[in-house]
Amino acid sequence: MRRPAVGALAVLVVALAACRRGAQREMPAAVPAADLVLRNGAVYTLDASRSWASAVAVRGGRIVYVGADRLPPGLVGPRTEAVDLAGAMVLPGFQDAHVHPISSGVELGECDLSAATSVVEAADSIGRCARARTGSGWLRGTGWQLPLFPDANPRKELLDSLVPDRPAVLWAADGHSAWVNSRGLALAGIGRTTPDPPSGRIERDPRTGEPSGTLRESAGDLVQRALPPRTPLELGAGLERAERLAGSFGITTVFSANTDEDELRAFAAADRAGRLTVRVIAALTAPGGGDTMLTRLRDWRRRYATPHVRPTAVKLFQDGVIEARTAAMLAPYLDRHGDSGTPRRDQATLDTLVAMLDRDGFQIHVHAIGDRAIRMTLDALERARAADGPRDARHAIAHLELIDPADIPRFRALGVVANFEARWANGDEYLTRLTEPALGRGRSRWLYPIASVVRSGAVVTGGSDWSVSSLDPLEAIEVGISHREPGDTTSAPWNPAERVDLPAMLALYTINAAWAHHQERETGSIEVGKLADLVVLDRNLFEVPVARIHEARVVRTLLGGRTLFRR
């Protein structure tokens, strides 16, 4: 046998060495075993390059591997839970950037009218509630839909016939109107001569001037003050209901909008007892005004902070809602004879409040639905930035139903987060019967301009505003893409120019929300070193028709590697 030439032998030696180096790269040294390995899945990481993987490993509550199914040696040990996903999808845990967890959880134990599609169905539900909840105390409930009633104005006479022997208050699905019976109105001291409170309206019988039974905005506070406060037991039970529902929908972080001290106490107590199963950023209800308000907010921020509860934001209201004609508009409502709605605060007062909160380091979260309220809020945030200097504040405006197109570029320019509830961009009766007729076609084009704001480069987040609408992020994600009700394949898309695609909608509920919550270094994407906040879905959303996205089911939800929900 001929011996190879020296040159050929050298080449062979070099080649063998290269093979060994390649083998070393493919088979690295053994690593510590993971607690959990998910493999053979469709892992959409939501990292900066929107990369895909098929396997994820978790150790000590954090992600230690993201990549192919060929895992490093040692990653699967004798105690590792190894799961074959069989093609199921893995996403970062969903983050709801505007929700009312405790109050909505409490409402689940009260009279729920959200399923009623007619006045008859609403009346039947109220009757059943009254029979099931006997006694002389207040009958409370929520969820009635404004379009069911003429002028979105249910009458006290109907409620009196259903609940004749005790006071009753039922809040509308949007939370901005209350339906009260005669006993409830009397207990609240509301009669024919009661004046409308600031930023509120008592609807009245046009013939007699008597209260008709519907209260708008701050007029509802007159009844609220007559209600007994929620007990700690009720609040704790509401939080537990909300946590279970959030876990079943893959939600691992919530931005609790408009959180009062009793709710803060419930969040903190649950976390200190080891029972809290979501991360909470709390937007505090601004109590009172001036220096006293700031002192109380500072105290709450310090006293109720826990590892999973961050009371670092403040919620402000600048207007109401279009359907009840309480949103503040740049031009009058077409059906209100020159009325364009009244903002909650004049510009000077809003400027002062926003600047004070900004200087103190709070993240400001403002309810603004009408284009005038949105412009006033942007102006106030711009002036605070000019006065206090730019900082990494990540202030947000929520709901944003009607934005004047001239204001869309300002979100990115000012670093203001745009929070939309995409579930509402569906062409339902709120829009077609109560909103568009009051605005006209030209102005209605700029209702829920989600795509326009996304294209502007601003950070856009998604919220549910639950219990106003479903807590399920998949419903909102589908509607944001289709602009139809979930499952609808035949109706024409409503305002189709403002639809967005699936990657954008997923970002709203994951990495964008994490950034808005100041936790993008820890959550919001599936990357090594981040907390293992994960959701496993039973199907790859990129491989199903848009109208079936809402049918996907959460298989498993993990918070810091701990399983919160398993189907």
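Visitor: Hi! Which residues is Pro195 in contact with, leaving aside its neighbours within four places in sequence?
Guide: Hello! Leaving those neighbours aside, Pro195 is in contact with Ile202 and Arg204. Keep in mind as we go that this is a predicted model.

Visitor: Thanks. Where is Pro195 found?
Guide: Pro195 sits in the loop between helix H5 (182–187) and strand S13 (200–204).

Visitor: And is Pro195 buried or exposed?
Guide: Pro195 is exposed, because its relative accessible area is 60%, and exposed means over 50%.

Visitor: How far is Pro195 from Ala219?
Guide: Their C-alpha atoms are separated by 9.5 Å, and Pro195 and Ala219 are 24 residues apart along the chain.

Visitor: Let's switch to Leu264. Where is that one found?
Guide: Leu264 belongs to helix H8, which covers residues 261–272.

Visitor: Buried or exposed, that Leu264?
Guide: Buried: the relative accessible area of Leu264 is 0%.

Visitor: So what is Leu264 in contact with, beyond its neighbours within four places in sequence?
Guide: Leu264 is in contact with Thr259, Ala282, Leu284, Trp300, Tyr304 and Pro311.

Visitor: How far apart are Leu264 and Ala88?
Guide: From C-alpha to C-alpha, Leu264 and Ala88 are 37 Å apart in space, and in sequence they are 176 residues apart.

Visitor: Helices next. How do H9 and H10 cross?
Guide: The axes of helix H9 (residues 290–303) and helix H10 (residues 347–359) come within 11 Å and cross at roughly 35°.

Visitor: Is that crossing of H9 and H10 left-handed or right-handed?
Guide: The crossing of H9 and H10 is right-handed.

Visitor: Which residues meet there, between H9 and H10?
Guide: On the H9 side there are Gly290, Met293, Leu294 and Leu297, and they meet Leu353, Met356 and Leu357 in H10. The residues of this contact of H9 with H10 divide into 6 nonpolar, 1 polar and no charged.

Visitor: New topic: Leu46. What about its phi?
Guide: Phi of Leu46 is near 60°, a positive value in a residue other than glycine. You can find Leu46 in the loop between strand S2 (42–44) and strand S3 (52–53).

Visitor: Is Leu46 buried or exposed?
Guide: Leu46 is buried, because its relative accessible area is 1% and buried means under 20%.

Visitor: Which residues does Leu46 touch, not counting those up to four places away in sequence?
Guide: Leu46 touches Leu91, Pro92, Leu506, Ala507, Thr510, Ile511, Gly524 and Ser525.

Visitor: Thr510 is in that list. Where does Thr510 lie?
Guide: Thr510 is in the loop between helix H17 (502–508) and helix H18 (511–516). At 1% relative accessibility, Thr510 counts as buried.

Visitor: And what does Thr510 touch, again not counting residues up to four places away in sequence?
Guide: Thr510 touches Leu46, Pro92, Gly93, Phe94, Gln95 and Gly524.

Visitor: What about the phi of His518?
Guide: His518 has a positive phi of about 60°, although it is not a glycine. His518 lies in the loop between H18 and strand S22 (534–537), and it counts as partly exposed at 32% relative accessibility.

Visitor: Which residues does a cis peptide bond join?
Guide: A cis peptide bond joins Trp466 and Ser467, and omega is about 20°. The place of Ser467 is in the loop between strand S21 (460–462) and helix H16 (473–482).

Visitor: Last topic, the second largest pocket. How much space lies in it?
Guide: About 940 Å³ of space lies in the second largest pocket.

Visitor: How many residues line the second largest pocket, and which lie nearest its centre?
Guide: The lining has 37 residues, and Gln145, Ala173, Val468, Ser469 and Ser470 lie nearest the centre of the second largest pocket. Helix H2 (101–107), strand S10 (139–144) and helix H13 (429–439) are the elements that give two or more residues to this lining.

Visitor: Which of those gives the most to the lining of the second largest pocket?
Guide: H13 gives the most, with 3 residues.

Visitor: How do the residues of that lining divide?
Guide: The lining of the second largest pocket divides into 14 nonpolar, 13 polar and 10 charged residues.

Methods. Residues numbered from 1 in each chain as written. Predicted model: local features only at pLDDT ≥ 70, side-chain atom pairs only at ≥ 80, totals over all residues. Heavy atoms only, no water. 1 Å grid on protein atoms, 1.4 Å probe; cavity = no way out; pocket = protein on both sides within 12 Å on 5 of 7 lines; lining within 4 Å. Points joined across faces, edges and corners; volume = space filled by probe spheres on them. Helix = DSSP H or I, 4+ residues; strand = E, 2+ residues; numbered from the N terminus. Nonpolar A, V, L, I, M, F, W, Y, C, P; charged D, E, K, R; others polar. Axes fitted to C-alpha atoms, helices over the stretch in contact; angles between N-to-C directions. Left-handed = near helix turned anticlockwise from the far one by under 90°. Contact = heavy atoms within 4.5 Å. Buried < 20%, exposed > 50% of the residue type's maximum accessible area, 1.4 Å probe, protein only.
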